[in-house]
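Me: Can you walk me through this fold and show me where the labels come from?

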Amino acid sequence: MEDLLKRLKSCSRCVILTGAGVSSESGVATFRGKEGLWGKFRPEELATMDAFMANSSIVWEWYNWRREVLNKVEPNPGHYAMCEMEKLFDHFCLITQNVDSLHQAAGSTNVLELHGNILRNKCADCFTPFLDEGDIDPDSIPSCSKCGGKIRPDVVWFGEMLDEKIINKAFEESERADLFFSIGTSAVVHPAASLPIVAKRHGALLVEINMEPTPITEMADFCFKIPSGEFLPELVSSLKAEQSA
Ligand code: BV8
Ligand code: ZN
């Protein structure tokens, strides 16, 4: 930590990329860990448009189950620490692959949601937001008032484009960062996984906080195999102590 703190003194543009690992201490299963979501289901079965068209009720059952889990969980100390970090750097941007809204629930602003948000719905055909409250009944999925298309969760599935503006902004921020944290992500899903690589290539200090090695571990300047909910509050209190000293 001491070495990191010394290096952080000269950093002013901080970008954080988070993945499912930052929500695991809130009780939200990750995607690929042993207890991961995918363990029970196979990605190609569920998080793709083909799966949705082939069997939309199963896909909706899975998302309703994930939403139920989210209704019972809170942000963890790691989420709150990342809120604090926003105030400790001249320029700060939080980019997340997570669709669980926990960063916003903890008070983070300026969050770039690369993969959408599981609490929002939209039309599968014309993408018009579907704003009706309440759960979607997997056996009678509502249709879009504009075009009659099926309603689906507003998340980015495999094989689908990310929102152009959001991913472009994420790359722009990563290129201009002088400090990039990759936290709680296996760094295998692209284009999100390219962001730390781009940041490093543009001279950023790359810090990984993850419970297992990933494809970016060897290029990182610092790696901490410590749960984010423990590491981040400690980092923030050390940074604050430095700044008030
Ligand atoms: C696109 C939303 C195409 C839905 C998700 C071959 C090579 C390279 C790329 C590809 C390829 N074949 C296909 C592709 C493209 C594909 C891709 O990257 N596939 C991978 C798997 C190989 N990407 C896409 O399809 C993307 N779209 O490329 O468009 C295109 C291009 C041009 C024109 C048209 C089309 C879309 C990707 C988005 C997919 N959607 N989710 C939903 O959530 O239901 S991805 C899904 O994985 C989640 O969003 C999740 O966030 C994301 C990444 O997973 P992680 O967050 O990293 O979670 P994971 O469990 O893997 O890891 C957690 C880590 O945390 C672990 O390492 C663990 O050790 C650690 N951890 C656990 N607890 C803690 C912790 N660390 C710290 N503290 C703790 N307490
Ligand atoms: Zn529609």
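Reply: Contact means heavy atoms within 4.5 Å. By that rule, leaving aside neighbours within four places in sequence, leucine 235 is in contact with Met1, Leu4, Leu5, Leu8, Met85 and Phe181. This is a predicted model, where local features need pLDDT of at least 70 and side-chain atom pairs count only at pLDDT 80 or more, while totals for chains, interfaces and linings use all residues. Residues are numbered from 1 along each chain as its sequence is written, chains are lettered from A and ligands numbered from 1 in the order written, and side-chain values use heavy atoms, leaving out hydrogens and water.

Me: Why is strand S8 called largely enclosed?

Reply: Strands are DSSP runs of E with at least two residues, and helices are runs of H or I with at least four, numbered from the N terminus. Buried means under 20% relative accessible area, exposed over 50%, partly exposed in between (1.4 Å probe, protein chains only). Five of the five residues of S8 (205-209) are buried, so the rest of the structure largely encloses this strand. Leu205, Val207 and Ile209 cover one side, Leu206 and Glu208 the other.

Me: What makes S7 and S8 a pair?

Reply: Pairing takes at least two DSSP bridges. S7 (residues 179-183) and S8 run parallel and share five bridges, so they qualify under that definition. Serine 182 stands opposite glutamate 208 there.

Me: How do you know what length to expect for helix H6?

Reply: The expected span is 1.5 Å times one less than the number of residues. H6 (residues 56-71) has 16 residues and reaches 22 Å from first C-alpha to last, close to the 22 Å expected.
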